[in-house]
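Here is a walk through one chain, from model confidence to individual side-chain pairs. Keep the structure open while reading.

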Amino acid sequence: NIRQAAGNYKQLKEKLESQYTILTLWEDLYSSDLLLQQTQVPEVIANLTQKGRSLGIQFTEISPSEIQPTKQAGIQKSTLQLSLNSGYRDLGTFLEYIEEMPFGAMFISNMSIPLIQETVSELSVQLSIDLYVKGEGNET
């Protein structure tokens, strides 16, 4: 029973530390001005697609969602859905560009690369990018 309680304590402690880390990350994002202003969202989307095209990526869909509140006070989110065709190397360079963009908080939230056997050298990719924006937040 003592071993089980110690194990439960350890798991609870790890979960609490993880939640504290996430909370600290959100606080750092908000306080450090990494969040986008609503007016910057179109500029960020234009920069992303321009860079992708310069790499030879062909966009078949570019669909930003409306800016929505999040559960975090003062933070809103818009999800950018991209469908694109690309080679492996160009896709890797594009993902690296997204990771290093100076435009605030954005994270790739989903990526799907269906297996297409006819074209090994070209990928058809669906990508979701969450853009975090200063705003109301605190959805109910």
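Predicted model: local features only at pLDDT ≥ 70, side-chain atom pairs only at ≥ 80, totals over all residues.

Among the elements of the chain, strand 1 has the highest mean pLDDT, at 95. Helix 1, residues 2-31, has the lowest, at 72. The chain as a whole averages 83. A score of at least 70 is reached by 80% of the residues.

Now the layout. The chain holds three helices and five strands. Read from the N terminus, their order is α-α-β-β-β-α-β-β. Of the 140 residues, 32% are buried. Take the contacts between residues at least 6 apart in sequence: 67% of them join residues at least 24 apart.

Which residues of helix 3 are buried? They are Leu91, Phe94, Leu95 and Ile98. Viewed down the helix axis, these buried residues fall within an arc of 100°, so they line one face of helix 3. The face turned away from that buried side carries Arg89, Glu99 and Glu100, which are exposed. What do the buried residues of helix 3 pack against? Their partners are helix 2 (41-54), strand 1, strand 3 (75-86), strand 4 and strand 5.

Next come the aromatic rings. A pair of rings is described by the distance of the centres and the angle of the planes. The count for this chain is two aromatic pairs. One of them joins Phe59 and Phe94, with 6.0 Å centre to centre and 70° between the planes. Planes over 60 degrees apart count as edge-to-face, so this pair falls in that class. Phe59 sits in strand 1 (residues 58-64) and Phe94 in helix 3 (residues 88-100), so the pair ties together parts that are 35 residues apart in sequence. Phe59 and Phe94 are both buried.

Phe107 and Tyr132 form an aromatic pair too, with 5.8 Å between centres and 65° between planes. Their arrangement is edge-to-face. Here the link runs between strands: Phe107 is in strand 4 (residues 106-112), Tyr132 in strand 5 (residues 123-134), 25 residues apart. Phe107 has a relative accessible area of 39%, so it is partly exposed.

Charge pairing comes last. Side chains of opposite charge can pair when their charged atoms come close. How many salt bridges does the count give? It comes to one. Asp130 pairs with Lys77, and their closest N and O atoms are 4.0 Å apart. Asp130 counts as buried because its relative accessibility is 8%. Lys77, at 28%, counts as partly exposed.

Key:
Residues numbered from 1 in each chain as written. Heavy atoms only, no water. Phe/Tyr/Trp six-rings, centres within 6.5 Å; stacked < 30°, edge-to-face > 60°. Helix = DSSP H or I, 4+ residues; strand = E, 2+ residues; numbered from the N terminus. Buried < 20%, exposed > 50% of the residue type's maximum accessible area, 1.4 Å probe, protein only. pLDDT = per-residue confidence, 0-100. Arc of directions from axis to C-beta. Contact = heavy atoms within 4.5 Å. Salt bridge = Lys/Arg side-chain N within 4 Å of Asp/Glu carboxyl O.
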